[in-house]
2 protein chains.
Amino acid sequence: MSTSLYNATVPVLKQMLLALSDVLKKGDAYAEQKKFDPSVLLQARLFPDMLALVRQVQIACDFAKSVPSRIAGVEVTAYEDTEQSFAELQQRISKTLALISAFTPAQLDGSAAKEIVLRPGTPKEKTLSVNDYALKYGMPQFFFHVTTTYNLLRSNGVEIGKKDFMGTY
Amino acid sequence: MSTSLYNATVPVLKQMLLALSDVLKKGDAYAEQKKFDPSVLLQARLFPDMLALVRQVQIACDFAKSVPSRIAGVEVTAYEDTEQSFAELQQRISKTLALISAFTPAQLDGSAAKEIVLRPGTPKEKTLSVNDYALKYGMPQFFFHVTTTYNLLRSNGVEIGKKDFMGTY
């Protein structure tokens, strides 16, 4: 069955970002209920040299905005990485949802873009077809950071389950 | 740009299973190097009521085989969940790779299947379009278990990075 890069990206990104927002709300409520500083959770890491929860959420949003933008061939909106609270992370997710919801199927599926260059001008520069960029690079990266955020909350005792991770499908 | 359910599933599943195999090899080597019983790592959990590493790998393989099988409308090959070593997990990944590599684009993209019923005959029964099944259910589930396996290894000190998670794209 045929599908489109729009179908394989925008609705999936929206589903997972909404679910991410919900698990973060539960993390925030958990900190309040257990009376600990929410920044403990925001700075939690699965291992000392892994990124903290706040960075996992920032990067998940970065892939969520860059995947459809690059497929459509439009400039990727830059975000400053200044979030320091659950409320600010929710704002980042909200603006990302608004950004990606504005894309139409025609913008992605009718895009003239044929190739995407990753890390241009660096020794790690790599050129991918738009298909490979979306399916084999962008979406796996996005899922990595969303799942790691879930795992950070879960491993700290927040009562969430796979259902919360999946959201509404 | 148009794509297909084959492109959105089989090559991505193969990429991620090969990467999963590699990170598990590093986990196995780590147990040997540090001289601890590999089953400690195989039974590791991020939280007491989360599934252990061995189950995460089993379920990742289950989604990897069921996604293309169900899209193609063929019976999903059943596996017994008997693996108790890294070597046995590698065998499960190998047989899954062989199974999914045998699918042709025509089998998936020319499939007459229009809907997929999840958990048939249970109170949680849910009917999805083939597109939604693949993109909004099967692939997110697969990524969840592959990422959680990575996080289990990483949080136990195995020296792997995002590059290892991503594999060859």
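Predicted model: local features only at pLDDT ≥ 70, side-chain atom pairs only at ≥ 80, totals over all residues.

Colleague: Which residues are they?
Modeller: From chain A, the lining takes A8(A), V12(A), L135(A), M139(A) and F143(A), and from chain B, A8(B), V12(B), L135(B), M139(B) and F143(B). The elements giving two or more residues to this lining are α1 (5–33) and α6 (130–155) of chain A, with α1 (5–34) and α6 (130–155) of chain B.

Colleague: What volume does the largest cavity have?
Modeller: Its volume is about 90 Å³. The structure holds one cavity of 30 Å³ or more.

Colleague: Turning to the two chains, what rotation superposes chain B on chain A?
Modeller: A rotation of 180° does so, with 0.0 Å of shift along its axis and an RMSD of 0.0 Å. The two copies are therefore related as by a two-fold rotation axis. In chain B, the C-alpha nearest that axis belongs to T3(B), at 2.8 Å.

Colleague: Why do the copies meet through the same surface?
Modeller: Because 100% of the interface residues of chain B are also interface residues in chain A.

Colleague: And pockets: how much space lies in the largest pocket?
Modeller: The largest pocket contains about 460 Å³ of space. Its lining has 17 residues, with K162(B), K163(B), M166(B), G167(B) and Y169(B) nearest the centre. Two or more lining residues come from each of α6 of chain A and α1 and α7 (162–166) of chain B. By class, the lining comprises six nonpolar, three polar and eight charged residues.

Colleague: What about the volume of the second largest pocket?
Modeller: That volume is about 400 Å³. Of the 16 residues lining the second largest pocket, K163(A), D164(A), M166(A), G167(A) and Y169(A) are closest to its centre. Here α1 and α7 (162–166) of chain A and α6 of chain B each supply at least two lining residues. The lining has five nonpolar, four polar and seven charged residues.

Colleague: One last topic: at what angle do α3 and α4 of chain A pack?
Modeller: Helix α3 (residues 53–72) of chain A packs against helix α4 (residues 86–101) of chain A at about 10°, with the axes 10 Å apart. That angle makes α3(A) roughly parallel to α4(A).

Colleague: Which residues make the contact?
Modeller: Among them are L53(A), V57(A), C61(A) and P68(A) of α3(A), and L89(A), I93(A) and I100(A) of α4(A). By class, this contact of α3(A) with α4(A) has 10 nonpolar, three polar and three charged residues.

Notes: Residues numbered from 1 in each chain as written. Chains lettered and ligands numbered in written order. Heavy atoms only, no water. 1 Å grid on protein atoms, 1.4 Å probe; cavity = no way out; pocket = protein on both sides within 12 Å on 5 of 7 lines; lining within 4 Å. Points joined across faces, edges and corners; volume = space filled by probe spheres on them. Helix = DSSP H or I, 4+ residues; strand = E, 2+ residues; numbered from the N terminus. Axes fitted to C-alpha atoms, helices over the stretch in contact; angles between N-to-C directions. Parallel < 35°, antiparallel > 145°, perpendicular 65-115°, else oblique. Contact = heavy atoms within 4.5 Å. Nonpolar A, V, L, I, M, F, W, Y, C, P; charged D, E, K, R; others polar. Least-squares fit on C-alpha atoms with pLDDT ≥ 70 in both.
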